[in-house]
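Let's take a walk through this one, starting with a pair of helices and ending with a pair of rings. Keep the viewer open as you read.

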Amino acid sequence: MRALMMTAPSQGSDRTQVREIGEPRPGPGGITIDVAYAGINFIDVMARRGDPGYAGAWPYVPGLEATGTIRELGAGVSGLTVGQRVAAFTPGGGLAEVALARAALAVPVPEQVSLLTAAGAPMMFATALLLLTDAVRLGSGESVLVHSASGGVGSAIAQLVPVLGGGLRLGTVGRPDKVAAARQSGYDLAFARDDDVIEAVRAATGGSGVDVVLDPLGTSMLDVDLAVTAPGGRIVLFGNAGGGQPAPLPPVGKLIGGNIAIGGFSISSLSVSAPERVAAALRRVLDLIAAGRLDVAVTEIDSLADVPAVHQLLADRRGNGKYVTRLTTESDTP
């Protein structure tokens, strides 16, 4: 089968290529999927550049989400059938014609939802939902500040905040030319991070600050986060997109004095420790899509051979929204 393979760490796409490799077989509790579409994520870039913890071994086949039809069931799997349409989290290897997944992390796709649309749901919308419901427990009318607001998870958060009853949506982006994309995805206001973000947020909130900050940038913006979070607010760090060693967290006195909580979130870790919660989030997202309450806008990439260029687009901070690559020639219109 064809798969996208990274042969060694690199800052560019020179060590990423499409290769023929053997088809995987499912073990106990697993399934294989004939992949129709696979999501492309910034976490692939983090694996490509060799950030610790993202590529288990080299060579590495990236890809953490896929949609398609079940090819084979491993021992002990129940509730799923061969040929069933599913969306799944994959433990790497999603960017291939056949992908492995844990059955516990595969969710049937409603008939009203295409596999193309569903491919934008696992890493993007399920992550956004869990951040808002589990990590920060968003309350009615609460304001939210999101960094990297024009990216996949950022744009998903913008849609989910009003669905969950939240209030003002503020976003930051790394480049001024991305402000428009963040606004189009639903943010009430968006700012480039080279502006005075603290002053902009204070002005937007009447000086009170925001209730929730969702930050995928490691600790590089943590001083800003603390400065703009209202008393009783919550900051959740859910990535380290810039790479490098995160700085130490602030002294406990600063958190106690400000009545501010800082937490962390990793959907990859949660998929290991509590797969039922991750699957439930994906199921809820797919149901919201089927009901027309969420709009999953994806940019479709024609083939695996085009994925390295998209990885570089994301590495250069020039991407917007969600990218999905096609691996099938069959039509999938619900």
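Helices α3 (residues 121–135) and α4 (residues 152–163) have axes that come within 8 Å and cross at roughly 55 degrees. Helices here are DSSP runs (H or I, at least four residues) and strands likewise (E, at least two), numbered from the N terminus. Axes are lines fitted to C-alpha atoms, for helices over the stretch in contact, with angles from 0 to 180 degrees between N-to-C directions. So α3 is oblique to α4, the label left over once angles under 35 degrees (roughly parallel), over 145 (roughly antiparallel) and 65 to 115 (roughly perpendicular) are taken out. Contact (heavy atoms within 4.5 Å) involves, among others, Met123, Phe125 and Leu132 of α3 and Val153, Ile157 and Leu160 of α4.

This is a predicted model, where local features need pLDDT of at least 70, side-chain atom pairs count only at pLDDT 80 or more, and totals for chains, interfaces and linings use all residues. Numbering starts from 1 along each chain as its sequence is written, and side-chain values use heavy atoms, leaving out hydrogens and water.

After α6 comes Gly206, with a positive phi near 65 degrees.

Last, the rings: Trp58 and Tyr60 pair edge-to-face, 6.3 Å centre to centre with 70 degrees between the planes. Rings of Phe, Tyr and Trp (its six-membered ring) pair if their centres lie within 6.5 Å, with planes under 30 degrees apart stacked, over 60 edge-to-face and the rest tilted. Trp58 is partly exposed at 32% relative accessibility, while Tyr60 is buried at 11%.

Terms used. Buried < 20%, exposed > 50% of the residue type's maximum accessible area, 1.4 Å probe, protein only.
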